[in-house]
Amino acid sequence: MSVAGTGAADPLGLPLAGVVGDRTAKVLVKELRLATLGDLLRYYPRRYYERGEFSDLSRVQLDEEITVQAEVAKVTKHPGPGRRPPRVEVEITDGRGSLQLTFFNSWVADRELRPGKSGLFAGKVGSFRGRPQVVQPEYYLYDADEDEGKAAEEFAKPRPVYPATAKLPTWTIERCVRVVLDSLPQLEDPLPAALRKQFRLMDLRTAFERVHRPDEVAETFPAKERLKWDEALPLQIVLAKRRLASLGETAAARESRPGGVLERFDQRLPFTLTAGQQAVCAEIEQDLAQTHPMHRLLQGEVGSGKTIVALRAMLTVVDGGGQAVLLAPTEVLAQQHHRSITQMLGSIARPGQLDGDPDGTKVALLTGSQGAKERKANLLDAAGGDAGIVVGTHAVIQEHVQFQDLGLVVVDEQHRFGVEQRDALRAKGSVPPHLLVMTATPIPRTVAMTVFGDLETSVLAELPGGRSPISTHVVPALEKPNFFVRAWERIREEVAAGHQAYVVCPRIGGEAGDETDGDESDAPPPEAAESERRAPLAVADIAAELEAGPLAGLRIGVLHGRLAPAEKDEVMTAFNEGSLDVLVATTVVEVGVNVPNASVMVILDADRFGVSQLHQLRGRVGRGSVPGLCLLVTEAFADTPARERLDAVAGTLDGFELSRIDLEQRREGDVLGAAQSGRRSSLRLLSVLKDEELIGRARQAATELVAEDPELAGQPGLRAAVAALQDSDRADYLAMT
C-alpha cells in the first residue's frame with residue numbers, strides 16, 4: 001500500500017501494517033516497539049557497511065563471523081526424503097574468493113537463491129570435508145534491476161546496519177525502511193523554513209533519505225545534524241513555554257525580618273558558611289523577595305551543605321509569614337531530614353514547650369505509613385500553619401494534605417520525581433509557591449540546560465571545612481581473595497578505633513523476595529554475560545554471614561526498604577547514636593544519611609551499581625574529622641567495562657567528571673528522564689554531551705519562537721511535534737502511576 005494516496009494529515013503517524021504488511025508490522029512492534037512510519041524512520045542505523053568493510057572471501061578464517069556482499073555463482077539442490085524440503089548448496093563469490101553455503105530443509109532458499117542474484121550473506125564459518133562453509137546463513141537479496149550499471153552502482157553504496165534482534169535482522173529492517181521511504185508523500189516539515197535557512201538544514205524528507213540510504217557515508221552527517229534538531233527543538237520549546245508561563249505567575253514575596261527565625265538560626269550555627277554557600281543563599285534570598293515564583297536548581301557535591309542552604313531558604317519563607325515543604329524520595333531520607341532539621345533548629349523547633357522558643361516554628365513529618373494519631377496531628381499543624389516546615393515523602397502530595405500558606409517547595413533528589421509530582425505539590429499554594437529543586441548527583445551543564453531548562457541553576461562545588469578526604473579502592477574478590485579478607489579486617493580496625501562502618505548490598509533478600517531498594521535508572525549498563533552471573537548479594541544473607549564470621553562480636557544492624565517505618569527509624573537512631581558498629585544496608589543510605597562517626601564503607605557487588613550511585617554511597621563516610629575509606633568489592637575481572645567503571649570511581653572524587661563518565665556509559669534517554677513528565681525521553685541521535693552547541697542554538701531558537709508565538713499558531717508542524725512529545729511522555733507517566 002502507498003501512503004501517498006491516503007490524504008493523512010501526518011503520514012508519519014500511520015501504522016506500519018498498512019505499508020509493510022501485518023505480519024512484519026507485528027514483529028517490528030514486538031521486537032523493537034516500532035508501530036508507526038515515524039517510529040521506523042527514526043530508528044536510525046548505528047553504522048554503515050562500506051564496500052571495503054565487508055568480509056573478503058579469499059581470506060575467511062574458521063569460526064569467523066562474516067558478513068559478505070556477494071553474488072550467487074552456483075546452486076545445487078539435493079531433494080529430501082518424501083515430501084521434506086531439499087538440502088540446498090549455494091556457491092557465492094565476491095570476485096576475490098568463493099564460499100559454500102548450505103541450507104537444510106529450506107524451500108525458501110530453493111525458491112529464492114538463483115545464479116546471478118546478489119545480496120548480503122552472514123554467518124559463522126565452519127568446515128566440511130576440509131572446505132570452508134557456512135550452514136544456515138542469514139541473507140538479504142537485492143531487488144532485481146534490469147539496468148546492470150545501476151545495479152553495480154547500488155552494489156557499491158554503503159549499506160545501513162541497524163540495531164537488530166535474532167528475529168529481526170538488519171536487512172529486514174532496511175527492506176522495511178526502503179518500502180516506507182518509497183511510499184512517503186512530501187512531508188510537512190516541523191522545523192520553520194526560516195530556521196532551516198538560518199542553520200542551513202535540509203528538509204525532513206531529504207534527511208530521512210540520506211540517513212537511511214546514502215550514496216556515500218559523508219551524506220549522513222548533515223542529515224543527522226538536521227534530525228538532531230527534530231529532537232532538540234521540541235524539547236526546548238516545552239521548556240521555553242514553561243519559563244514563559246512562570247514569568248506570568250504571581251507569587252508572594254518572602255523576606256527575612258530582623259530578629260526572625262532565620263537570624264536566630266544563624267546565631268546558633270557552630271560554624272561559618274562557606275563562600276559558595278553564602279553566594280547561593282544570597283541568590284535564593286533575592287529570588288524569594290520577588291513577586292514571581294523562584295524556579296531554581298541547586299546542585300552540589302556530596303557533603304557540600306545543600307541542606308543548610310535549603311533550610312535557610314525555608315526559614316526565610318517562615319519569616320515572611322509562609323510555610324515550606326521539603327519533599328524527599330524515601331522515608332529514610334525524610335526521617336533523616338526531619339531529625340537533622342529539628343536538631344539544627346534546637347529550641348526554635350519547639351514553640352509552646354518549656355524549653356522552646358515561643359516565636360519558633362514546628363517541623364512536621366508526613367510519610368505514608370505513619371500511625372493515625374501522629375499523622376493527624378501533623379496534618380493539623382500543616383493545615384493550621386503551626387508547622388512552618390513540613391518534611392515528607394510522596395504522602396504530602398495527596399489531596400487531603402493542606403497548608404495554610406504554602407510559600408516554598410523544596411524537592412530533594414529531583415531525578416526521583418516527575419514534573420507532574422512537583423507541580424501537584426506547588427498547586428497546594430493559594431498563589432504559586434517558590435520552587436527549589438536539589439540534587440546531589442552532579443549534572444553536566446548541557447544536561448542541566450536540556451533537562452532543567454526551565455530552572456535557574458546554582459552550584460555548590462566547595463566542601464565545608466572539617467570534611468575529611470575519602471580514599472576509594474577496588475577489591476577484586478576473585479583475583480585477589482586476600483584483599484577481600486583484608487576488607488573485613490579494616491572494618492574491625494575502624495570499629496576498634498571507635499568508629500563505625502557501612503556494608504552495602506544490591507538486594508534485600510530473605511523470604512519475601514529479592515527486590516532492590518535502588519533506582520533502576522541508576523543501574524549500570526547490562527554486561528554481555530548478565531544472564532550467566534550469580535544472584536546479587538543480599539542484605540539478609542550477608543548480615544547473618546558477617547555476624548557468624550569475619551565481624552563476629554560486633555554490633556550489627558540491618559536497614560532496607562522492606563522494614564516498617566518504626567524499625568527503620570529505630571535502626572538509624574541506634575546507628576546515629578553509636579549503639580551499632582556496622583550497618584548492613586541497601587541503597588536506602590545513598591543520600592541524606594549523615595553519621596559523622598562512620599569512617600568506612602564496603603560496597604559488595606559494586607559493579608552492579610551505577611557510577612553516580614557509587615559516588616553518592618561513598619559520600620556517607622568522611623563526613624567528620626576522620627578520613628573516609630570506601631572499598632568497592634567486585635568479581636569483575638580487569639579490562640572489563642565493569643572494572644573500568646569502578647576504576648573511574650576510585651580514580652576521582654570529582655562528581656562532575658564522574659557524571660560525564662556515567663552519562664557516556666548509559667543511555668542518555670535514561671538520564672534525561674524528567675524533562676516533561678518524569679518519564680524517560682528517547683533521544684536517538686542527540687548527545688547532550690557532544691552536541692552542546694546545537695542544544696544551545698535550539699534553546700535560543702525556542703525562546704525566540706515562543707516569545708513571538710506562544711501557541712505556535714503559525715508553525716503547525718512544530719506545534720504537532722511538541723504535542724507528540726508531551727502526549728507520549730504523559731501517556732507513559734500515567735501508565736506508570
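Biologist: Before we get to helix packing, what are the axes, and how do the angles run?
Modeller: Axes are lines fitted to C-alpha atoms, for helices over the stretch in contact, and the angles run from 0 to 180 degrees between N-to-C directions. Please keep in mind that this is a predicted model.

Biologist: Fine. At roughly what angle do the axes of α13 and α19 cross?
Modeller: The axis of helix α13, residues 331-345, and that of helix α19, residues 565-576, cross at roughly 50° and come within 10 Å. The two helices α13 and α19 are therefore oblique to each other, and their crossing is right-handed.

Biologist: Which residues in α13 and α19 meet there?
Modeller: From α13 there are Glu331, Val332, Gln335, Gln336 and Arg339, and these meet Pro565, Lys568, Asp569, Met572, Thr573 and Asn576 in α19.

Biologist: Switching to α14, what should its 13 residues span, and how far apart are its end C-alpha atoms?
Modeller: Helix α14 covers residues 372-384, which at 1.5 Å a residue should span 18 Å, and its end C-alpha atoms are 18 Å apart, in agreement with that.

Biologist: Which residues of α14 are buried?
Modeller: Those are Arg375, Asn378, Leu379, Asp381 and Ala382. Seen down the axis of α14, the buried residues fall within an arc of 160°, so they line one face of the helix.

Biologist: What covers those buried residues, and which exposed residues are on the face turned away?
Modeller: The cover over the buried residues of α14 includes the elements β10 (323-327), β11 (362-366) and β12 (387-392), while the face turned away from the buried side carries the exposed residues Ala372, Lys373, Lys376 and Leu380. After α14 comes Gly385, which has a positive phi near 90°.

Biologist: Where are Arg200 and Leu712 placed?
Modeller: Arg200 sits in the loop between α7 (193-198) and α8 (204-212), whereas Leu712 sits in the loop between α24 (692-708) and α25 (716-736).

Biologist: And are they buried or exposed?
Modeller: Arg200 counts as exposed because its relative accessibility is 79%, which is over the 50% cut-off. Leu712 counts as buried because its relative accessibility is 2%, which is under the 20% cut-off.

Biologist: Last one: how many helices and strands does the protein chain have?
Modeller: The protein chain has 25 helices and 21 strands, and of its 737 residues 54% count as buried.

How values were computed: Residues are numbered from 1 along each chain as its sequence is written. This is a predicted model: local features need pLDDT of at least 70, side-chain atom pairs count only at pLDDT 80 or more; totals for chains, interfaces and linings use all residues. Side-chain values use heavy atoms; hydrogens and water are left out. Helices (H or I, at least four residues) and strands (E, at least two) are DSSP runs, numbered from the N terminus. The expected span of a helix is 1.5 Å times one less than its number of residues. Buried means under 20% relative accessible area, exposed over 50%, partly exposed in between (1.4 Å probe, protein chains only). The arc is that of the directions from the helix axis to the C-beta atoms. Contact means heavy atoms within 4.5 Å. Angles under 35 degrees count as roughly parallel, over 145 as roughly antiparallel, 65 to 115 as roughly perpendicular and the rest as oblique. A crossing is left-handed if the near helix is turned anticlockwise from the far one by less than a right angle, and right-handed if clockwise.
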